[in-house]
Amino acid sequence: MEAVSIEKAPSRIGENPEQRVLRALAESFPKTVSDGARLRPGLVRAKVDRSDIFRVCRVLKDNLGFEHLTMISAVEYDDRFEIVYHIASYQSKLLLELISTTPKDDPTVDSISSIWGGANWQERESYDLMGIVFRSHPKLERILLPKDVLYHPLRKDFKG
Amino acid sequence: MAEMWINMGPQHPMTHGLWNLRVKVDGETIVDAEPEVGYLHRGIEKICEGLTYPQIIPITDRLCYGSSLTWSHLYCQSVEDLMGVEVPERAEYIRVMAIEMQRIASHLMWLAAYAGDLGMSVGFTYTMRDREVFVDLLQALTGSRLTYNYPRIGGVAHDLPPNFDRDSIRAVDYMEGRLKEYEDLFEGSKIFMMRNVGIGLLRKEDALNLGVTGPSLRASGVSYDLRKDMPYSVYPEMDFEVATLDDGDCYARYRVRMDEMWESCKIVRQALQKMPKGRWRMVSPRNAPAGTGLGRVEDPRGEAVMYVVGDGSDKPYRLKIRSPIFVTVSAAPKILVGYKLADVVAIMGGLDMCIGENDR
Amino acid sequence: MNLFEFCYGILHWLVDLVNNLWYWLGDFLPWYFGDFFTAVGDFAASDGHLTFMTILLESVVIIVVALINVLNFLWIFRKLSGRILDFYGPYYVGYRIGGWLQNLADGMKLFIKEIIVPTKADRLGFLLAPVIFVASSLVILSVIPLSVNFGLSTNESGEYVSAGALFALAAFSIAPFAILLAGWSSNNKYTLIGGMRSAAQMMSYEIPLILCAASVFLLAGSFNFVDIVDAQHDVWFLIPLFIGFVVFLICLIAEVEIIPFDLPEAEAELVEGWTTEYGGMRFGLFYMTTAVRSYAGGALATAFFLGGWQGPSFIPDEIWFLIKAYIVYTVFMWLTWSVPRVRIDQMLGLGWKRLLPLAMLNLLIAAALKSGGWF
Amino acid sequence: MAERKLPKSTGIVLKPMKRTGKQLLRTLIFGKPNTVLYPEQKLDLPQIYRGKQVLDFKKCIGCGNCVTVCPNDCMWLEKVDDPELGKIERPGVDIGRCLFCGLCAEVCPTVALHMSTAYELANSERGKLRLSPMDIRDDAFGSTFVEERQKRMLPTLDLSKCTGCEKCAGECPEMCIAMMPVDRTDRNKPEINLAKCKSHAKCVAVCPEKALTMTEVYESYFEMPEPKLILDNCSGCGACARKCPSNAIYMLEMPGTEKTLKGGKKGKPKKRAVFVFEKCVGCGRCYQACKFDAIEIPGVEK
């Protein structure tokens with residue numbers, strides 16, 4: 001694989017890969033990436049400001065060797081939407097949980113389908129069921145529900 | 001020649017379920033393709049928000065008719081992660097054994113459907129016949145033939161029935177003999193090779209980029225299996241190999257699945273051998289704490305993930321399911337273009353569609 | 001006694017019986033009516049009329065016998081496919097005779113189903129296609145004799161239609177037109193593609209088929225089935241023309257459209273190919289006609305390569321012929337249930353690039369054998 | 001990509017034909033096809049096969065846990081007038097909606113509900129798929145069924161007989177009985193730690209009033225909710241005690257709450273509900289019965 005792997009990121013002695021990726025992210029994006037934590041071996045969590053999600057993902061794929069986008073899930077809370085990206089690295093056997101928050105009245109976030117093609121349908125699904133709008137998505141249409149449906153069924157205010 | 005759109009679906013023998021593949025053909029050559037899914041959308045994620053944690057287990061069985069056990073296992077694993085439940089070791093071994101049996105059964109069902117797609121009835125009936133052996137075993141273990149409802153939060157529902165070890169070893173021996181027969185039946189036939197070698201090429205870069213997982217990814221040359229690379233349950237104790245092939249054509253996908261069946265037979269033997277005595281189930285808590293739980297397993301069709309958000313009550317706040325097929329299907333247009341109309345069935349059959357989990 | 005004499009005798013007896021009544025009726029009528037009655041009776045009893053009616057009756061008898069065989073074929077088809085695929089096949093309907101009545105039951109069920117013509121279909125073509133398909137296939141059966149005595153002949157000497165084999169092959173190749181018509185008139189993309197595939201397939205496989213048959217005609221020196229079979233008295237054509245036999249069988253499989261060459265009906269991608277829009281007895285006719293064509297194909301292969309009705313005399317000639325045809329069909333079925341379906345371009349490639357040169361080579365061998373004086 | 005060795009398909013189609021030919025001989029001459037001729041032959045089903053529900057009326061206490069746990073809402077409690085058992089409530093099941101997940105049988109605290117192996121349940125009328133308790137009654141089925149859940153003999157308390165003499169607590173070799181005072185009453189109640197109990201039955205032997213008896217208790221894998229009494233709201237009406245299917249609620253008098261009547265006589269004292277948690281099955285019917293919001297159970301809705 002040609003992609004720069006996480007092993008090539010400058011390492012300090014005694015660091016495990018989870019800490020290394022968190023440090024690399026924190027150094028590249030000191031303002032927007034926060035709350036980095038290692039949940040269990042192989043699973044890392046970090047919070048990203050929604051304005052920077054595209055650039056973070058670009059760095060993750062190109063420089064840190066995260067070549068696989070596993071899942072995009074949207075969770076609705078009382079005051080916010082959380083868009084959770086699970087991004088996996090095949091080489092260093094890591095799973096990164098990136099959480100990006102949007103306010104309730106403006107559920108908009110940058111599309112990352114130009115970075116990982118696999119994000120295309122998952123973003124459409126999030127739009128369809130939760131109403132998250134992904135900017136500059138090539139074809140942001142409903143995918144599971146019919147085209148003329150007016151609601152987003154996974155929102156908590158939707159009752160059967 | 002004039003180009004035209006052909007709807008292959010929603011009711012079509014190729015679809016194995018209910019979805020629509022619109023292909024644009026020039027004569028018999030495919031110019032463009034566009035999958036349309038959602039015909040089987042039941043809103044399982046929404047249903048789960050209204051049910052308590054134990055009640056969801058039979059619902060997750062309905063995600064995929066081919067490998068329902070894997071999905072309920074995945075659900076239990078993610079909820080155990082959320083609740084912090086320790087699973088008894090015997091239960092983990094039983095789970096791994098049952099999942100591998102389910103994997104064999106699922107791959108056999110895939111092989112049957114694939115043979116049916118290629119017009120090979122003999123492949124269909126023989127594989128379905130031999131799948132029955134494992135379905136019978138799972139029935140003796142779990143009490144049902146298709147929707148097993150077997151894993152529980154904190155263990156499994158039942159202990160092994162009497163004589164189960166003997167029957168399983170016998171079934172695995174039988175299966176290994178049968179796999180040789182399949183190799184004669186499929187690869188020994190020139191026509192099968194003509195239909196498969198070099199068809200539906202999916203290159204490594206495309207497979208990585210489009211998020212294809214599971215046997216299709218391994219057939220494209222990426223040796224990545226969650227059972228090996230991010231092991232869960234008691235897979236670290238098991239000795240098996242990850243089946244990988246370099247050329248991403250239909251034949252490689254077929255071959256990877258056949259090899260996986262061999263490896264699964266090995267795992268079933270080892271699990272039965274190493275299985276400790278003891279309890280198989282713990283009392284599961286009623287309420288989950290506020291927080292998130294993540295389960296990630298290697299489904300027969302790829303990487304399946306469940307993400308559970310708990311809010312302190314006895315019902316999940318949000319349950320997100322990542323279906324491997326949902327992402328794999330989105331890669332279909334990339335694979336299909338340039339091949340003949342008859343190759344559509346070979347390619348889509350080779351991806352192992354399962355609409356239940358795709359539409360949720 | 002051959003079939004002609006048998007039928008002639010029956011007709012003669014029947015006409016005599018009717019004429020007695022007829023003349024007796026005429027006696028009660030005025031003279032001008034009576035003369036008319038006498039003239040009609042005389043015409044009915046005349047040799048020309050009787051011969052004509054005999055030929056009709058003969059073909060009916062032959063086709064009925066053949067159709068009973070076709071029922072057997074369907075039964076073998078279902079039973080054998082069941083056994084190869086590890087299930088029972090027909091079982092309950094006609095339990096004591098191995099489920100033989102299942103096909104009749106299915107036929108009855110199909111008969112009582114409604115005939116549905118799609119709204120946007122070309123109605124005339126849609127209704128005409130099965131007629132052409134079935135008729136052209138049944139016509140093949142009428143010229144294939146089961147033995148020297150059991151065949152369609154025009155006079156008492158048992159002299160058969162001199163170009164019977166040629167006629168059979170010609171009738172065999174009408175079907176593509178019917179299929180294309182069915183596919184086009186259904187106004188459906190699947191049926192259209194199926195029809196086009198069928199036309200391409202049958203045309204490309206017709207040529208090697210006829211070339212192989214031509215080598216047989218060359219060796220036998222006749223188009224007549226009896227002469228062809230007689231020519232195989234010493235050695236079956238299977239042995240000198242083995243290549244031709246294999247090519248002929250492969251082409252026959254393609255002609256009768258069974259797996260691996262059932263592309264026009266390719267179930268997986270084209271639903272049911274050109275028969276998609278047909279239901280009820282029209283579909284049943286297509287289904288039956290496939291068996292008819294299989295029977296015809298088996299019979300042709302038997303007559304051309306397997307020595308026809310020749311065999312040890314403890315079994316009647318007709319039975320020998322049928323046994324051989326059944327064996328050919330069984331081999332077809334065995335192959336069918338063992339392999340997947342090929343792709344259309346691969347199939348056409350096989351037809352043009354492999355089978356055609358082989359058929360030419362076979363013709364060359366036949367010519368060499370003929371000029372060398374062995375036949 | 002490395003050059004790969006494709007398997008040789010010699011003879012084009014001969015290998016598969018060899019295999020199918022063998023199969024043909026096997027099914028035609030030497031044996032029979034694999035099919036099970038269904039109405040005449042049937043598959044052997046394992047004991048744990050999940051078919052139609054079967055209910056043992058005598059074991060069932062009518063707690064309704066099966067109704068609560070059903071993911072598809074296909075069970076309900078129905079009032080039955082049984083000549084032997086009197087007026088009781090027993091669950092019925094709508095087979096047409098049932099998932100056959102078996103959770104109802106699993107959650108049953110007294111192992112009265114089983115899944116039988118009957119699977120031929122089709123009916124031409126949808127209404128007949130709704131099976132009343134009488135339709136699924138089979139009191140003898142439980143004896144043919146080997147229950148997998150472990151059974152323990154545990155002492156259960158009849159609080160109405162108990163005098164609070166503390167003999168049982170002194171006798172227990174595991175020290176698992178503790179005498180706890182009940183709020184606002186003058187009584188002590190033995191609380192038995194069931195997890196530590198080893199079924200010696202010495203407490204039962206020593207009890208002078210025969211208030212403790214040994215009963216079969218099946219282990220449960222479900223954490224059931226426990227009711228909580230809000231004492232200030234309790235009016236002492238006793239509706240919960242009448243509703244409780246396992247008789248785990250006793251009404252005890254609270255001395256000092258007697259109202260003075262007109263004639264200077266003292267009336268009856270107020271009562272309060274007391275839970276014996278060893279017997280509680282967590283069904284939440286007391287919560288539903290209470291009209292004064294005096295009982296709350298987290299997670300159970302009215």
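## Before you look around

This is a predicted model, in which local features need pLDDT of at least 70 and side-chain atom pairs count only at pLDDT 80 or more, while totals for chains, interfaces and linings use all residues. Residues are numbered from 1 along each chain as its sequence is written, and chains are lettered from A and ligands numbered from 1 in the order in which they are written.

Helices (H or I, at least four residues) and strands (E, at least two) are DSSP runs, numbered from the N terminus.

## Where chain B meets chain D

Of the four pairs of chains that touch, B and D have the most contacts. Their contact takes 31 residues from chain D and 37 residues from chain B. On the chain D side, α1 and α3 (103–107) are the elements that give two or more residues, and α1(D) gives the most, with four. That side consists of 19 nonpolar, five polar and seven charged residues.

Some pairs stay apart. Chain A and chain C do not touch, and their nearest C-alpha atoms are 24 Å apart. Nor does any contact join chain A and chain D, whose closest C-alpha atoms lie 13 Å apart.

## Chain B as a whole

Chain B has 15 helices and eight strands. Its C-alpha trace spans about 65 × 45 × 35 Å along its principal axes.

Of the 360 residues of chain B, 64% count as buried. A residue is buried if 20 or more other C-beta atoms lie within 10 Å of its own, exposed if 12 or fewer, and partly exposed in between, with C-beta atoms placed from the backbone. Among contacts in chain B between residues at least 6 apart in sequence, 70% join residues at least 24 apart.

## A bent helix in chain C

Helix α14 of chain C (residues 344–372) has 29 residues and should span 42 Å at 1.5 Å a residue; its end C-alpha atoms are 40 Å apart, which agrees. The expected span is 1.5 Å times one less than the number of residues. α14(C) bends by about 35 degrees at C:Leu355, and a proline, C:Pro357, follows within four residues. That bend is the angle between axes fitted to the seven residues ending there and the seven starting there.

Among the buried residues of α14(C) are C:Ile344, C:Leu355 and C:Ala366. Their cover includes α14 (341–350) of chain B, together with α8 (189–220) and α10 (242–256) of chain C.

## A loop residue in chain D

D:Leu45 is in the loop between α1 (14–30) and β1 (53–55) of chain D. D:Leu45 is partly exposed, with 18 other C-beta atoms within 10 Å. The C-alpha atoms of D:Leu45 and D:Thr117 are separated by 6.9 Å, although these residues are 72 apart along the chain.

Conventions:
Contact = placed C-beta atoms within 7 Å. Nonpolar A, V, L, I, M, F, W, Y, C, P; charged D, E, K, R; others polar.
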